[in-house]
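Welcome! Please take a moment with the sequence and the 3D view below, and then read on for a guided tour.

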Amino acid sequence: EGGPATSLSCAPTTLAPGAFATCTGYTHTVTQIEVDAGGALDNVATATAEDPLGAPVSDDDTASIPVAGAMADLAIAKTASDLAPAVGADITFTLDVANLGPSDATAVTVSDVLPAGYAFVSANASQGSFDSGSGVWSIGALANGAGASLDIVVTVLASGSYANTATVSSPLPDPDPDNNTDTETPVPDGTISDLWVLKTGP
């Protein structure tokens, strides 16, 4: 299923009762079309002959090999522009998503809900759009081998959690879920640079 049929013919031979003949098969390379279709690869062998009276005889057998359906190994990496920022400073979280294959992925999304230690400033995505309210980056389709990135600018607040986690997903099965999530945890130094000068005189 999912691919073109391939035929193989063996040289005619005469078999005595109870004897066997071996017909060398072939190697089939599973195609991406067959992977996307899923199901199974069916190999049907048919033997035809004539009995001693000249009447036609035949027999067949089928070997069925399951084929895993489409899947996409999505990976995400998160970095922060400053891991020891001052309170009140702006920093940038960068999210890099890659489709490591083997199939194209559709409806790819990333969840990145900002913790209470940050205030959202802006976001810039190379593909799709980021909703700061829900924390969802809707990437859409991501071909095998393709990638996308998102920069989120935030202001560091004086209190709250600073561990920022992002998780990528799509409707397709992922053969390696261990690389679907990444976390960065900047540690603010608690200082705010707010300089001012007051001069008085006679």
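Leaving aside neighbours within four places in sequence, which residues is Val97 in contact with? Val97 is in contact with Ala75, Ile76, Val110, Trp137, Ile139, Leu142, Ala146, Gly147, Ala148 and Val168, where contact means heavy atoms within 4.5 Å.

Please keep in mind that this is a predicted model, in which local features need pLDDT of at least 70 and side-chain atom pairs count only at pLDDT 80 or more, while totals for chains, interfaces and linings use all residues. Residues are numbered from 1 along each chain as its sequence is written, and side-chain values use heavy atoms, with hydrogens and water left out.

**The overall picture**

- The protein chain has 1 helix and 11 strands; these are DSSP runs numbered from the N terminus, with helices being H or I of at least four residues and strands being E of at least two.
- Starting at the N terminus, the order of elements is α-β-β-β-β-β-β-β-β-β-β-β.
- Of the 202 residues in the protein chain, 25% are buried (buried means under 20% relative accessible area, exposed over 50%, and partly exposed in between, with a 1.4 Å probe and protein chains only).
- Among contacts between residues at least 6 apart in sequence, 69% join residues at least 24 apart.

**The nonpolar core**

- The largest nonpolar core has 24 residues, and Leu95, Val97, Val110, Trp137 and Ile139 are those with the most contacts inside it. Such a core is a set of buried Ala, Val, Leu, Ile, Met, Phe, Trp, Tyr and Cys residues joined through side-chain atoms within 4.5 Å.
- Strand 3, strand 4, strand 5, strand 8 (136-142), strand 9 and strand 10 each supply at least two residues of this core.
- Strand 9 gives the most, with 5 residues.
- In soluble globular proteins, nonpolar side chains tend to be buried together.

- An open sheet is formed by 5 strands in the order 7-8-5-10-11, with antiparallel pairing (two strands pair if DSSP finds at least two bridges between them).
- Strand 7 (129-131) and strand 11 (181-184) stand at the edges with a single partner strand each, so one side of each has no neighbour in the sheet.
- Within this sheet, strand 10 (residues 164-169) is joined to strand 11 by 4 bridges, and Thr165 stands opposite Thr183 in strand 11.
- Strand 4 (residues 90-102) pairs with strand 9 (residues 147-156) in the antiparallel sense over 9 bridges, and Leu95 stands opposite Leu150 there.
- Strand 6 also pairs with strand 9 in the antiparallel sense, over 7 bridges, with Ser122 opposite Val153.

- A search of the whole structure finds 1 salt bridge, meaning a side-chain nitrogen of Lys or Arg within 4 Å of a carboxyl oxygen of Asp or Glu.
- Asp112 forms this salt bridge with Lys78, and their closest N and O atoms are 2.7 Å apart.
- The partners are 34 residues apart: Asp112 is in the loop between strand 5 (105-111) and strand 6 (118-125), and Lys78 is in strand 3 (residues 72-80).
- Asp112 is buried, with a relative accessible area of 1%, and Lys78 counts as buried at 2% relative accessibility.

**An exposed loop residue**

- Ser126 is found in the loop between strand 6 and strand 7.
- Is Ser126 buried or exposed? Its relative accessibility is 51%, so Ser126 counts as exposed.
- Not counting residues up to four places away in sequence, Ser126 touches Ala148 and Ser149.
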